[in-house]
Amino acid sequence: MTSTPLASAIRHASTEPAETGAVFDAALAGRRQRLVRGDGVVLPLAVQRWHDDADTDDDWLLARCAGATLDLGCGPGRLVVALADRGVPALGVDVSIQAVQRCLERGAAVLHRDAFERLPGEGRWQHVVLADGNIGIGGDPVSLLRRCRALLADGGTILLELTPGAALWCGTAYLESTDADEPVDGLTVLEALDAGPWFPWAVLGPHAVDEVAAEAGLVIRARAEGDRCFVELAPA
């Protein structure tokens, strides 16, 4: 059987158990960090956006959440709070203790749990949100989208943020602090910048979302492309 680019990318993702609970804690606590993929590509983290209130850049996504919404990888909870302010029942889910603490501080409903563990209301959510690069969770977008589909009620949708200009990448990545600018005491740049542990991750952009969605049993209902890119997915 000939391997497709999608299957090849996912096959090369790490199969090691992920200990990701504290991976993003330092960034959520305010430390400057960036994400480094296994292929050497460096991705900035929009940490300030995570901590800020939702703004007009989030409106396309928020406007499509018309019923009970589950935000997977909710971070400090800006979208959960914004939905609650609009009268939409919303629950955030995150594995980071720092994220959960900040959600609670701003009054967001949140659950400290992995997206693949048992969650409340499975099969009854009107919408599942994967914003801010959270399609990367677990390193396998097809599996994650299938998981999201299983959480949906009939007629429900998935609101997914994509990486502008990207296709599909699956592998392992780590976070590194950017607080230090130069190597010190004979350390390599990697050591000096305090690299964290490797974990499975993925990146998905507009150039591959149709194929990934189809493999997950989903169709694209709506798109928005610009400085930030979104799609709304529904079961096929």
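**Note on the predicted model: sheets, pocket, cavity and cysteines**

1. Tryptophan 60 is buried, with a relative accessible area of 18%, where buried stands for under 20% relative accessible area, exposed for over 50% and partly exposed for the range in between, with a 1.4 Å probe and protein chains only. The residue sits in helix H4, which covers residues 59-63; helices (H or I, at least four residues) and strands (E, at least two) are DSSP runs numbered from the N terminus. Tryptophan 60 and phenylalanine 230 are 170 residues apart in sequence, yet 8.0 Å apart in space from C-alpha to C-alpha.

2. On the basis of the values, this is a predicted model, in which local features need pLDDT of at least 70 and side-chain atom pairs count only at pLDDT 80 or more, while totals for chains, interfaces and linings use all residues. Residues are numbered from 1 along each chain as its sequence is written, and side-chain values use heavy atoms, with hydrogens and water left out.

3. An open sheet of seven strands has mixed pairing and the order S5-S4-S3-S6-S7-S11-S10, two strands being paired if DSSP finds at least two bridges between them. Strand S5 (110-112) and S10 stand at the edges with a single partner strand each, so one side of each has no neighbour in the sheet. Neighbouring strands of this sheet are turned by 20° against each other on average, direction ignored; axes are lines fitted to C-alpha atoms, for helices over the stretch in contact, and angles run from 0 to 180 degrees between N-to-C directions.

4. Threonine 69 has alanine 90 as its bridge partner in S4, and threonine 69 stands opposite histidine 127 in S6. Five of the six residues of S6 (residues 125-130) are buried, so this strand is largely enclosed by the rest of the structure. S6 and S7 pair in the parallel sense over five bridges, with threonine 157 in S7 as the bridge partner of histidine 127.

5. A hairpin of four residues joins S10 to S11, and the bridge partner of isoleucine 220 in S11 is leucine 233.

6. A second open sheet, of four strands, has antiparallel pairing and the order S2-S1-S8-S9. S2 and S9 stand at the edges, each with a single partner strand, so one side of each is left without a neighbour in the sheet. The twist averages 45° from one strand to the next. S1 (residues 33-37) is joined to S8 (residues 168-177) by five bridges, and leucine 35 has leucine 175 as its bridge partner in S8.

7. The largest pocket holds about 960 Å³ of space. On a 1 Å grid over the protein atoms alone, a pocket is an open set of points with protein on both sides within 12 Å along at least five of seven lines, a cavity is a set of points where a 1.4 Å probe fits but cannot get out, and lining residues have an atom within 4 Å of a point; points are joined across faces, edges and corners, and a volume is the space filled by probe spheres set on them. The pocket is lined by 43 residues, with Trp50, Asp132, Gly133, Asn134 and Trp201 nearest its centre. Elements that give two or more residues to this lining are S2 (42-44), H3 (47-51), S4 (90-94), S7 (152-162) and S9 (199-204), and S9 gives the largest share, six residues. The lining divides into 26 nonpolar, eight polar and nine charged residues, with Ala, Val, Leu, Ile, Met, Phe, Trp, Tyr, Cys and Pro taken as nonpolar, Asp, Glu, Lys and Arg as charged, and the others, Gly among them, as polar.

8. One cavity of 30 Å³ or more is counted, and the largest cavity contains about 40 Å³ of space. Its lining consists of Asp71, Leu72, Gly73, Cys74, Arg78, Leu79, Ala131, Asp132 and Asn134, to which S3 (69-72) and H5 (78-85) each supply at least two residues. By class, the lining has four nonpolar, two polar and three charged residues.

9. The structure holds zero disulfides, a disulfide being a pair of cysteine sulfur atoms within 2.5 Å. Cysteine 74 is in no disulfide, and the nearest cysteine sulfur, that of cysteine 103, lies 3.8 Å away. Cysteine 74 is buried at a relative accessible area of 7%, and cysteine 65 counts as buried at 5% relative accessibility.
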